[in-house]
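The sequence and structure are shown first.

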Amino acid sequence: MSRLSVFLVAVFCIIGAAAAQSGGAIEVKNAWARATPGGAENGAAYLTLEAPAGDRLTAVSTPVAKKAELHIMSMDGGIMKMRPLDGIDLAPGQETSLKPGGAHIMLMGLNRPLQAGQTFPLTLQFEKSGAREVQVHVEKFGAMAPSQAAGTMPVGGGAPPVSGH
Amino acid sequence: MLILAAGALVGMAFRDGPKGAAGSLLASSIGGPFHLTDQNGKVFTDADLKGKWNLVFFGYTHCPDTCPTALNEISLAMDKLGKRRDLVRVVFISVDPERDTPPVLKSYVESFDAPIVALSGTAEEVKQAAASYRVYYAKHNRADGGYDMDHSAVIYVMDPQGRFTATFTPDTQADAMATRLAKLMS
């Protein structure tokens, strides 16, 4: 191998690594859920996502509910409808927020009511970047937005332990 | 955006309640007879509404987003009414009687600060109540065998004589609700 090719390989490696870095890490912010009323079997979780290179959220799961799905709530002539979504597209470099009155992560068949102050793990499945686990902070009953405490959630490994149980 | 637009549309259509041109027709056709069962297993009919202002909202407990939002805003609005909160009754009617039995409804509404009368009944009784309030609801089956309910998400304000007076949408904030109610009651 000539000196030039070694140099070129090295350059490509650096470029490749840089590209992977800028295109990789999806930012997950403000993952929160609302405390649920007694006896409610379902709950909803919300969060904000940003994929620098674009991606698609395709599935969700959590140990606190039998099933988690992506849903969209819509109002059509005063009629509320809720429908499952196959996925949520994340445009490159653009924030996508799941919030009350729109798209949400529907937690179906909660093992127990969600109580304010708890946190629970939620695994997000992305088309390109694979699985990510985030910690969801449970806000008080009727909250419309995450409190300061929810903050920016670390993603990937090393998630803090589940608390509040 | 779609939600806001739809909400605004409903809001505009009903804003002036029975006084508006379109409202006069609607006013006479909203509200009417029903025979349901409350969360304590007691019969509750339209006759039990009389003598108080009533906020009537149809929903279901498996609804994770809109229904708790609306009930919570109503609950907060009641708080803001101060002494006058005793003049208003909050009535939550389930469009999902199959799953929303009185015990389920009892534990559900107890989570809210304001006292809420939660009603359900047989499929036929719920159908009758919804018809009285011009409320649309339909079961939407999911692929996994479960179901969700599509339903009109309008909060009706009925006066102590049982007359339709105004509406709120689930995204009406507690402050706006309390202000409007206080004005209607004065």
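## Basis and overall fold

Two residues are in contact if their C-beta atoms, placed from the backbone, lie within 7 Å. Among contacts in chain B between residues at least 6 apart in sequence, 68% join residues at least 24 apart. The model is predicted: local features need pLDDT of at least 70, side-chain atom pairs count only at pLDDT 80 or more, and totals for chains, interfaces and linings use all residues. Residues are numbered from 1 along each chain as its sequence is written, with chains lettered from A and ligands numbered from 1 in the order in which they are written.

Chain B has six helices and nine strands, taken as DSSP runs numbered from the N terminus (helices H or I, at least four residues; strands E, at least two).

## Interface with chain A

In chain B, 28 residues are in contact with 27 residues of chain A. Elements of chain B giving two or more residues to this side are α1 (2-14), α3 (66-80), α4 (102-109) and β7 (147-152); α1(B) gives the most, with five residues.

Strand β5 (residues 79-84) of chain A runs antiparallel to β7(B), joined by two bridges; pairing requires that DSSP find at least two bridges between the strands. Within β7(B), B:S152 stands opposite A:I79.

## Packing of α3(B) and α6(B)

α3(B) packs against helix α6 (residues 174-185) of chain B at an angle of about 50 degrees, with their axes 8 Å apart; axes are lines fitted to C-alpha atoms, for helices over the stretch in contact, and angles run from 0 to 180 degrees between N-to-C directions. The contact residues include B:I74 and B:L76 of α3(B) and B:M177 and B:L181 of α6(B).
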